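Subject: Handing over the structure

Hello,

Here is the structure I said I would pass on to you. Please have it open while you read the notes below.

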Amino acid sequence: MVRITGATGLYVIIGDPIAQVLSPTLFNAAFDRLNLDAVLVPLQVGAEHLDQTLRALRDVKNLEGMIVTVPHKIPATARVDRLGPAGRCIGAINAIRIERDGSWTGDNFDGAGCIGALLAAGHSLQGRRALVVGAGGAGSSVAFALAQAGVASLKLCDPDTARVDRLIARLAEHAPGLPVVSGDADPRGFGIVANCTPVGMQPGDPLPIEIDVVDAGTIVVDVILKPEVSPMLLRARERGLVTQTGRAMLEGQVDAVLRFFGDKT
């Protein structure tokens with residue numbers, strides 16, 4: 001049980017909306033398990049107030065770090081003093097470390113959490129063809145992590161073709177030789193298909209991927225957190241396909257983010 005004192009280290013998660021996030025539950029449980037005097041609290045901050053909020057947080061002396069979620073992962077890259085390797089490639093961050101000199105370092109662990117959870121469950125990714133739907137912050141991070149994990153090829157699907165082109169160019173720098181193409185969301189012929197968009201969060205949303213034509217043996221991933229088992233994953237399970245939830249991805253990155261926060265945790 002987290003007990004807050006005047007000496008408690010403060011961590012925040014900023015996003016809009018914020019009610020759906022699981023990070024406070026997971027990180028506060030980790031702080032308690034590790035016997036750390038720290039707490040993570042949610043802050044609902046709209047996009048129009050991001051700059052002024054981050055400027056104000058620069059003056060909070062007991063702020064140790066931040067988690068960044070939708071819709072701030074991409075714009076937050078321009079508000080930190082330096083970027084880690086994944087953040088530089090992806091162009092989006094989901095964690096900010098407050099250094100001892102007061103400067104901010106940002107990096108991205110969405111993809112690391114997604115792939116780490118898959119590997120921990122015993123799934124082999126090397127040599128598989130991967131389809132990633134969505135080239136925003138989460139999709140870019142998952143694509144980067146898949147490239148690092150040794151997939152045979154990547155296909156990216158996003159209506160923002162300029163965003164896809166930028167991601168392909170960045171991946172070419174960090175994973176030279178990996179075939180990366182853009183195209184539609186047809187999942188046939190892929191060993192991994194991942195929805196990295198918000199589609200599925202609202203009642204009545206269409207399926208982001210046509211599950212009925214997915215090959216047997218394909219791993220189906222969805223990054224959304226609510227509902228925990230999205231309609232796409234529910235349909236995939238009905239077909240007997242291997243699935244991974246957004247919660248599994250988030251749980252997979254907690255330890256990585258704590259290591260990033262470093263000796264402050």
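This is a predicted model: local features need pLDDT of at least 70, side-chain atom pairs count only at pLDDT 80 or more; totals for chains, interfaces and linings use all residues.

Let me start with the pockets. The largest pocket has a volume of about 700 Å³, and 34 residues line it. If you want to centre your view there, go to Thr69, Val70, Lys73, Ala138 and Val223, which lie nearest the centre of the largest pocket. Strand S3 (63–68), helix H5 (137–149) and helix H8 (246–261) are the elements that each give two or more residues to this lining. H8 gives the most, with four residues. Sorted by class, the lining of the largest pocket comes to 19 nonpolar, 11 polar and four charged residues.

The second largest pocket has a volume of about 210 Å³. Its lining is made of 13 residues, with Lys61, Leu63, Ile98, Glu99 and Gly102 the closest to its centre. By class, this lining has five nonpolar, two polar and six charged residues.

H8 turns up again in the helix packing. Two packed helices are described by the angle between their axes and the distance between the axes. For helix H1 (residues 23–33) and H8, the axes come within 10 Å and cross at roughly 45 degrees, so H1 and H8 are oblique to each other. Their crossing is right-handed. On the H1 side the contact is made by Ser23, Leu26, Phe27, Ala30, Phe31 and Arg33, and on the H8 side by Arg247, Leu250, Glu251, Val254, Asp255, Val257 and Leu258. The residues of this contact divide into eight nonpolar, one polar and four charged.

H8 also packs with helix H4 (residues 110–120), at an angle of about 105 degrees and with the axes 7 Å apart. H4 and H8 are therefore roughly perpendicular to each other. Here Asp110, Gly113, Cys114 and Ala117 of H4 meet Ala248, Met249, Gly252 and Gln253 of H8. This contact holds four nonpolar, three polar and one charged residue.

Now for the backbone. Which peptide bonds are cis? One runs from valine 70 to proline 71, with omega near 5 degrees, and another from lysine 226 to proline 227, with omega near -5 degrees. Proline 71 sits in the loop between S3 and strand S4 (82–83), while proline 227 is in the loop between strand S11 (219–222) and helix H7 (231–238). You will recall Val70 from the pocket notes, as one of the residues that lie nearest the centre of the largest pocket.

Asparagine 35 is also worth a look: its phi is near 60 degrees, a positive value in a residue other than glycine. You will find asparagine 35 in the loop between H1 and strand S2 (38–44).

The last item is alanine 185, in the loop between strand S9 (180–182) and strand S10 (192–195). Alanine 185 and valine 133 are 52 residues apart in sequence, yet 6.5 Å apart in space, C-alpha to C-alpha. Leaving aside neighbours within four places in sequence, alanine 185 is in contact with Leu131, Val133, Cys157, Pro208 and Ile209.

Happy to talk any of this over.

Best wishes

Key:
Residues are numbered from 1 along each chain as its sequence is written. Side-chain values use heavy atoms; hydrogens and water are left out. On a 1 Å grid over the protein atoms alone, a cavity is a set of points where a 1.4 Å probe fits but cannot get out, and a pocket is an open set with protein on both sides within 12 Å along at least five of seven lines; lining residues have an atom within 4 Å of a point. Grid points are joined across faces, edges and corners, and a volume is the space filled by probe spheres set on the points. Ala, Val, Leu, Ile, Met, Phe, Trp, Tyr, Cys and Pro count as nonpolar, Asp, Glu, Lys and Arg as charged, and the others, Gly among them, as polar. Axes are lines fitted to C-alpha atoms, for helices over the stretch in contact, and angles run from 0 to 180 degrees between N-to-C directions. Angles under 35 degrees count as roughly parallel, over 145 as roughly antiparallel, 65 to 115 as roughly perpendicular and the rest as oblique. A crossing is left-handed if the near helix is turned anticlockwise from the far one by less than a right angle, and right-handed if clockwise. Contact means heavy atoms within 4.5 Å.
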